[in-house]
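Please consult the sequence and the structure shown below alongside the text.

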Amino acid sequence: MRRPILAANWKMHKTNAEAIDFAEAFVPLVAGADVDVVIAAPFTLLDRLGPKLAGSGIALAAQNVNPNESGAFTGEIAPAMLVDVGCRYAIVGHSERRALYGETDEVVSQKAVALLAHDIRPIVCVGETLEQRDAGAALSVVAQQLRGSLSEIPTTRAAEVVVAYEPVWAIGTGRTATPQIAQEVHESVRAVLSDLFGSTGAEIRIQYGGSVKPETVYDLMAQPDIDGALVGGASLDPEAFSRIVRFDREGAK
Ligand code: PEP
């Protein structure tokens, strides 16, 4: 019912030449994969990477957006500018942006609404820190972030949203959440989505993110509420990311 969605988050990596090399290697490796594939690249790559992905079915994404239409916002990028270069998704509320740039749930909510107004699908990130998990607050923290980030989304547009559960302690640390830990949180995310959007909550795709590797993707994707992955480090290599897109069984228990 929910189509799997595997997304690369390249963060602040790659020049245009490196991105084009990636696309030339990656596109044939994932040809025919029956999933949605997304690449969230730095702004400087979008205009040249887009044509390299054209016809492959791989969607282009941004890693951030400013919620305003235009104006005096030095250094920022508006939703219409992302439309202009062919973006179909944008990440909002990544934990690095929450921690390093003060992105609050309110700002994440404004960005998600602004993106939908331009028919760009928001990938809304939530996740607890290690301290919050150790304090037994993981589920409540994630629920609060979801309510704060999604409450302005009309139910009629909610199915276009993708939620990424990314425990902060698992991002870039090599420490993937076990499939059981991830599923427990995803199940609770699904309950919040159903509370917010009724039956449409069951249509919203929930990705897991945090040190996903070709060796761990199969067991994660086998969980009933895990509909995809948001992948940082392992998405920089075309071969590794293609194995993730294909839910590689190698290394699975
Ligand atoms: C991310 O940045 O969204 C992420 C999950 O990174 P990594 O896969 O490197 O942990």
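**Helix packing and local features**

The axes of helix α1 (residues 16-29) and helix α2 (residues 43-53) approach within 10 Å and cross at roughly 25°. An angle under 35 degrees counts as roughly parallel, so α1 is roughly parallel to α2. The model is predicted, and local features are reported where pLDDT is at least 70.

**Contact of α1 with α2**

- The crossing in which α1 passes α2 is right-handed.
- On the α1 side, the contact is made by Asn16, Ala19, Ile20, Ala23, Glu24 and Val27; on the α2 side, Thr44, Leu45, Arg48, Leu49, Lys52 and Leu53 take part.
- Sorted by class, the contact of α1 with α2 comprises seven nonpolar, two polar and three charged residues.

**Contact of α1 with α10**

- Helix α1 also meets helix α10 (residues 238-245), the two axes coming within 9 Å and crossing at roughly 30°.
- That angle makes α1 roughly parallel to α10.
- Here α1 passes α10 in a right-handed crossing.
- The residues in contact are Phe22, Ala25, Phe26 and Leu29 from α1, together with Pro238, Glu239, Phe241, Ser242 and Val245 from α10.
- By class, seven nonpolar, one polar and one charged residues form the contact of α1 with α10.

**Burial of α10**

- Helix α10 is mostly covered, with seven of its eight residues buried.
- The buried residues of α10 are Pro238, Ala240, Phe241, Ser242, Arg243, Ile244 and Val245.
- The cover over these buried residues includes β1 (5-9), α1, β2 (36-40), α9 and β8 (228-231).
- Phe247 follows α10 and has a positive phi, near 50°.

**Helix α8**

- Helix α8 (residues 179-197) has 19 residues, so at 1.5 Å a residue it should span 27 Å; its end C-alpha atoms lie 26 Å apart, which agrees.
- Buried positions in α8 are Pro179, Ala182, Gln183, Val185, His186, Ser188, Val189, Arg190, Val192, Leu193 and Phe197.
- Just after α8, Gly198 adopts a positive phi of about 60°.

**Helix α5 and the residue that follows**

- Helix α5 (residues 105-117) has 13 residues and reaches 18 Å from its first C-alpha to its last, close to the 18 Å expected at 1.5 Å a residue.
- Its buried residues are Val108, Ser109, Lys111, Ala112, Ala114, Leu115 and Leu116.
- Covering elements for the buried residues of α5 include α3 (79-84), β4 (87-92), α4 (95-101), β5 and α7.
- Asp119 follows α5 and lies in the loop between α5 and β5.
- Asp119 is not a glycine, yet its phi is positive, at about 60°.
- With 57% relative accessibility, Asp119 counts as exposed, because exposed means over 50%.

- Most residues other than glycine have a negative phi.
- Ser211 is not a glycine but has a positive phi of about 55°.
- Ser211 is located in the loop between β7 and α9.
- The relative accessible area of Ser211 is 10%, so Ser211 is buried under the 20% cut-off.

- Ala59 is part of strand β3 (residues 59-62).
- Ala59 has 2% relative accessibility and therefore counts as buried.
- The C-alpha atoms of Ala59 and Cys87 are 7.2 Å apart, while the two residues are 28 residues apart in sequence.
- Apart from neighbours within four places in sequence, Ala59 is in contact with Val37, Val38, Ile39, Arg88 and Tyr89.
- Thr129 is placed in the loop between β5 and α6.
- At 25% relative accessibility, Thr129 counts as partly exposed.
- Thr129 and Trp169 are 40 residues apart in sequence, with 5.8 Å between their C-alpha atoms.
- Neighbours within four places in sequence aside, Thr129 is in contact with Val168 and Trp169.

How values were computed. Residues are numbered from 1 along each chain as its sequence is written. This is a predicted model: local features need pLDDT of at least 70, side-chain atom pairs count only at pLDDT 80 or more; totals for chains, interfaces and linings use all residues. Side-chain values use heavy atoms; hydrogens and water are left out. Helices (H or I, at least four residues) and strands (E, at least two) are DSSP runs, numbered from the N terminus. The expected span of a helix is 1.5 Å times one less than its number of residues. Buried means under 20% relative accessible area, exposed over 50%, partly exposed in between (1.4 Å probe, protein chains only). Axes are lines fitted to C-alpha atoms, for helices over the stretch in contact, and angles run from 0 to 180 degrees between N-to-C directions. Angles under 35 degrees count as roughly parallel, over 145 as roughly antiparallel, 65 to 115 as roughly perpendicular and the rest as oblique. A crossing is left-handed if the near helix is turned anticlockwise from the far one by less than a right angle, and right-handed if clockwise. Contact means heavy atoms within 4.5 Å. Ala, Val, Leu, Ile, Met, Phe, Trp, Tyr, Cys and Pro count as nonpolar, Asp, Glu, Lys and Arg as charged, and the others, Gly among them, as polar.
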